[in-house]
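Me: Can you take me through this one? I'd like to start with the core, terms first.

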Amino acid sequence: NEVGDFCLYDREQLVQIHAWDEDKGPLDPDDDLGVASVTVADMLLSSKRAVTLPLKMHNRSKGVDEETGAKVTLSCEICKWTTNLSSLEESSDQTTDREIHNE
């Protein structure tokens with residue numbers, strides 16, 4: 001599970017996730033699982049402010065994006081502007097709505 005904060009400047013802002021698996025061995029490189037994207041508006045309009053998206057990879061020979069079979073769930077939370085950065089840490093400790101879940 002990964003958590004990240006970013007500034008929202010437009011509801012049409014695109015959130016793009018590029019997912020990789022994590023392999024432990026030096027001869028076993030991480031594998032590209034694909035890319036997913038959604039606008040902030042679509043996340044805010046979804047139930048519970050969460051969306052599950054298919055990961056896709058570009059097939060160069062066909063010139064199209066194809067689903068890889070993997071999915072990622074993104075959720076969001078709107079935080080108020082503050083000069084006290086510790087408030088963001090407190091918020092993330094108290095809620096799981098800000099987590100990004102890989103399935």
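Reply: A nonpolar core is a set of buried Ala, Val, Leu, Ile, Met, Phe, Trp, Tyr and Cys residues joined through side-chain atoms within 4.5 Å. Buried means under 20% relative accessible area, exposed over 50%, and partly exposed in between, with a 1.4 Å probe and protein chains only. This is a predicted model, where local features need pLDDT of at least 70, side-chain atom pairs count only at pLDDT 80 or more, and totals for chains, interfaces and linings use all residues. Numbering starts from 1 along each chain as its sequence is written, and side-chain values use heavy atoms, leaving out hydrogens and water.

Me: Which residues touch the most other members of the largest nonpolar core?
Reply: V38, M43, L53 and L74, out of 15 residues in that core. Two or more residues each come from β2 (14–20), β3 (32–39), α1 (40–45), β4 (50–59) and β5. Helices (H or I, at least four residues) and strands (E, at least two) are DSSP runs, numbered from the N terminus.

Me: What is M43 in contact with, beyond four places in sequence?
Reply: V15, V38, R49, A50, V51, L74 and C76. Contact means heavy atoms within 4.5 Å.

Me: Switching to T73: buried or exposed?
Reply: Buried, at 13% relative accessible area. T73 lies in strand β5, residues 64–75.

Me: What's the element order for the protein chain?
Reply: β-β-β-α-β-β-α-β from the N terminus.
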